[in-house]
Amino acid sequence: MSAERLVRTWITSQRAEEVTEIVSGMLSRLSSPSLIINTNRNFQRLNRSPRCRQSPWRVSDRRRRLSANKRSRFTCVELLSAVLSRCPADKLNRQAAKVLTTFYCSKMEDTETVVPALKGLASLTKLPSSTSEDVPNILDAIFEHVKMKGLVQSVRFQVFTIIDTLLARHRDAFKTINDSFLGRYIALVEGEKDPRNLLLAFAIARVLLIEFDITNFFESLFNITFCYFPITFRPPPNDPYGISTDDLRQALRGCLNATPSFGPLAIPVFLEKLAAGSPTTKRDTLQSMSLCFPVYGSALARSHARQLWNALKLEIFQPTDPITEEFALKTTQSLIKTIYAEQSPEFGNGDIEGLARDACEECISILREPEKSQAKPAIKVLCAFMSTTPSVARYTVAQTVPYLVKLYTKTDNIASRPSILLLLSELIAASRDSMKNLHISDASEKPLGPFKDEILGILTSALKTPPSRDPALACLLGFVSTGGLLTDEELAFIVHGVDDILSEESEEGEEASAPALKLLVTISLTASHHVKEQTLPLLFGMLSDNAPPRDAAIERAKAWRILSALNTLCRRPDLFETLVISLNTKLDLLCMPSDTPAPEELEPRAAYAHSILTTLHQTILAKVDDGHVDVAKYIESLVPRLFNLFIYSALDPDKNMIASDPRLITEAGNIIGAITQTVSAQRQQKFVQTLFNAYLDGNYKDIADGPQKIPLSTVFAPLNPAAPKKQRNLVILMASAVLPLHKEIRIPVPDLSGFFKSLVSWGLADAGTDLQQESAWKMLCAIVNKRSADASTFIKFMLEDFGPQSIANRSCPPEKRNPAIRVWIWVSKALLVCNHTDGSQFTELLFQVFDDEAIKWSAATSFGEIVRTDMVLTKHNYASIKMLYAQRFLRQILPRMITGAHDSTDPESQISHLIALTSLISSVPKALYIHDMPKLIPLLVRGLDLPDHNIRYQVINTFLSVAEGDSADIVSEHAPTLIQTMLRNSTAANMSSARVRISALKYLGVLPTIVRYDILHPHKATVIRQLAVSLDDPKRTVRKEAVAARTTWFKSSG
Amino acid sequence: MASVQIFNPNPTVFISPSAKASAASRHLQAAKKSLWMNGPEPRSTSEDSETDDDDEEEAIDQEEIFDLIRKIYDPEHPNTLEELRVVSAPQISIEKNTVKVEFTPTVPHCGMSTLIGLSIRVRLIRSLPTRFKLDIVVKPGSHQSEHAVNKQLNDKERVAAALENPALVKTVEDCLSGRD
């Protein structure tokens, strides 16, 4: 049907269903690309002038005849507006727009058609063919005929949209009718309450306030904006319009600070709201004031300064809460900035008049008692002044610093000296922070410049008295971190003073060491030579060459303190180099003593060497975290040196070599691993070649280099079955070096699967200790994961030979089968993480032995270990990690485990399934199983009755992690059971493991926060009574949790 | 709080030395236990095994009770009782099953003393095993109506009655948990 006929049918039929049908029919034609032009032509003809027969005029003619039917008049205009809103902008010419405008304006007279007419105008005014010529007509029609109070929100919204659009497009046309428009507009918007409309109304008001001549109207405009202040609107839950309180606040603030003429009227309103309001109102008022002061101007700010300061002072000195206090300080800053904005920086070098002066004096008089609680807000105000204008900042410093220094030097104030320094440190920090945006390089121009000698003077003396030490260090930290304030000599002087603290033996010296180190680290950022030349020699000197004896705990603590200080200080490349050299020397001395140490000295010595290695490792880790690139170069120096030391010690026939202690070897391995990780793939390839040369062929020359001369006659073959235990331990070093190899590194062995097989048999048959075995398995896991394509023969061997013979074979003794499961876990893990197709066959074998008394425990708990993330297969170690591997694994396994744990036909296997399930669940992030939680909860609760403490601990932790986050209340229906079980696990009489008791109590403490009170209420009395038992637990940490849990239960109420 | 008379508008705030949990003393603790350094950050696993391994009983001591009450807030100020030196560790004594806590009001005419005392009592009732008898007193000579306050704080009936008053309980809860 043509558009003409559609309209005609609609006019005659007058039925609602048909109307919708026609509209949709028309719309579908309009939107179909092939018809759109044609339809538009028709449409334009329809719309064009009285000349055309099929025109809106014709429609309105009909309308006149049908005027008895209100609905028809309505739908008639409605149809036109609907069509218009979908009409492409360029299809409507000026003539048509003009006609339509007149048409719509005339429709406003009719209360029945005003709604669709407004809708039509809203679309029409947006079209380019609607011009400023139409503005007066539209406005007249709206102001004359639209009665806002009688219209619903959506229609009022159209009115605002029309005015907003016109105002945006034809602002000059509005300006010519300034007064008549403003007066009528103000009357129109009065009483608007809907947030959607207000957002638009505020935007319009801002334009009016800024661009129009509001001389005659500012009071009315003030009334129609300030009546909304402060915004108390709170969006309903799930508000589809998404208007937040903050949106409204921002929009309203845009009006409040749009014109200076509001100032005199606004300040009393602000003061009133500030005094009487809730914390939210106070904050809103304070923020609005901060934004308004600069606009209202300095003259007004000056005349109301006293009044405003008195109100703000109250919020700062008797704050309702810290956030409001913070806002009040910001508002004070804005006030001061506004008052003194006009003064040039050169002005008033010494003196300043007005509020800044008065407030400064007021605050300084409070500082007279620096230890009192009011001193804190007072210094906050002064600190806030630092970030206002340069002249105020200078004045503040010139008043405050000499005053505090004088206060400090007064002899009767010794007790309050720490408080004075604390206040001073805050001022220094504020001064530093105010400089950040200004970039002043000359020290004399900084506000603190003139006073630094004076301050440094008192700080030097303060460093020597323990109670003042911490605040003095805080002051120095502020000084040092102000760029360019101190000279090189002054820095050297400070380093010297701080070194005295570090070298002090007393307990106070130890207490101050953390802030002292922080200060030195800050200094080393800009002037590391002071630390290198002064501090490091001092610390190395304090570190004794000999290990503290077993019973010398104080000595040992001192050594650890120095080592941890070195760890903090020596992260910069140049300082780290010094550290490596010095600690290596110490290590050699310890491990290669000139005289044979007595047997009782051996362990302390090894422990001391271990602490040195640990320090190196920690420092390297910290450097890697900070992205230092110099770590990689230590593969040339530190790594060969460590290999040399440990190979030498392993080959030496002497049994008491310090460096053959596996704990030292492990730590050295950690260092080697951390360095290898940072090295490029090329260098790794070279390194791994020398490594395998050493371990497989005994050719250690290329990997070891150091002061100890390894005798040529000895054979190095740690992987040889006949090798002594001391040598076999060095596999730990090999494994650490292999773990972080890149994926593309080829392992330099002729047959990878053969190497794996020999490694497995070495690990199971020859490795003497767990540590050796685990190292072998980790190495195996890392390589299989990265190079699974080269290992297919090995994987086949594992599945077809090893699994059936060494694990599933029930005639094999359990002490052989259990270690075999360990290999199995590591290989499964390697394959699972890279989503290898054979991975599932490995887990299948474990299910098969669930009913086997001898090994079912190891098999069941291994599921957790297989899926748990560990330190071997990590991104940093370049492992091949496929996305969502754990999800896939869980999806495969979980249903089977749930079924198995419910199936009571075979109790043995049922328990195994339950154990496997708890082990699996507690090893993966909760996102993976949270959807299955309803099914899992009953099983997990059963897991809490298993005798094994470790499982109970894991299960409770699983519940704890489920308790965090969105779906925490998932446990609600099981709450009574959970309460009972947790209470059972929380008393020392029923549960011997403190770890489980702590977790159970933690969970009891969490329950009231996640479960509705009405569910918990029946249990409240019992829980509180039962928890009293745990309050008397023998362990302090348990009691602490019991107190926390009991407090939460006391507080929870309906 | 604004409407209530403020008894001490500007009390002294002390910098508490015990607030600095120094790394050094941690080193010393660890050094007494073991020859071996576990690294600056104790690993969680080693911590876990630590709590499980030894069966040594740790009795409730002065420091532990102080830990329970030091974080209570003063009803008038945003400071803790520790910061205002209203309570301190040496003012706590334990004898078998009696705990005596002495506290020092910031000014002798402090009308908040009973509220502070009540807060301390409520905290300890909730946190100590029931075998303990609590004795809460103001420091002798630190309050003008010392006797009355002490009597009020240690009278079971009056404490129970006070805890029936919802407004008072709310104020006590605020002191115990800090203000929002």
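A residue is called buried if 20 or more other C-beta atoms lie within 10 Å of its own, exposed if 12 or fewer do, and partly exposed in between, with C-beta atoms placed from the backbone. By this criterion, 46% of the 1054 residues of chain A count as buried. The model is predicted: local features need pLDDT of at least 70 and side-chain atom pairs count only at pLDDT 80 or more, while totals for chains, interfaces and linings use all residues. Residues are numbered from 1 along each chain as its sequence is written, and chains are lettered from A in the order in which they are written.

Chain A comprises 50 helices and zero strands; helices (H or I, at least four residues) and strands (E, at least two) are DSSP runs numbered from the N terminus. Helix H41 of chain A spans residues 839-848, and its buried residues are Gly839(A), Phe842(A), Thr843(A) and Leu846(A). These residues lie on the same side of H41(A), because they cover an arc of only 90 degrees around the axis, taken from the directions from the helix axis to the C-beta atoms. Their cover includes helices H40 (814-833), H42 (856-867) and H43 (885-902) of chain A.

Chain B contains an open sheet of three strands in the order E1-E2-E3, with mixed pairing; two strands pair if DSSP finds at least two bridges between them. Strands E1 (92-95) and E3 (133-138) of chain B stand at the edges with a single partner strand each, so one side of each has no neighbour in the sheet. Strand E2 (residues 98-103) of chain B runs parallel to E3(B), joined by six bridges. Glu102(B) stands opposite Val137(B) in E3(B).

How values were computed:
Two residues are in contact if their C-beta atoms, placed from the backbone, lie within 7 Å.
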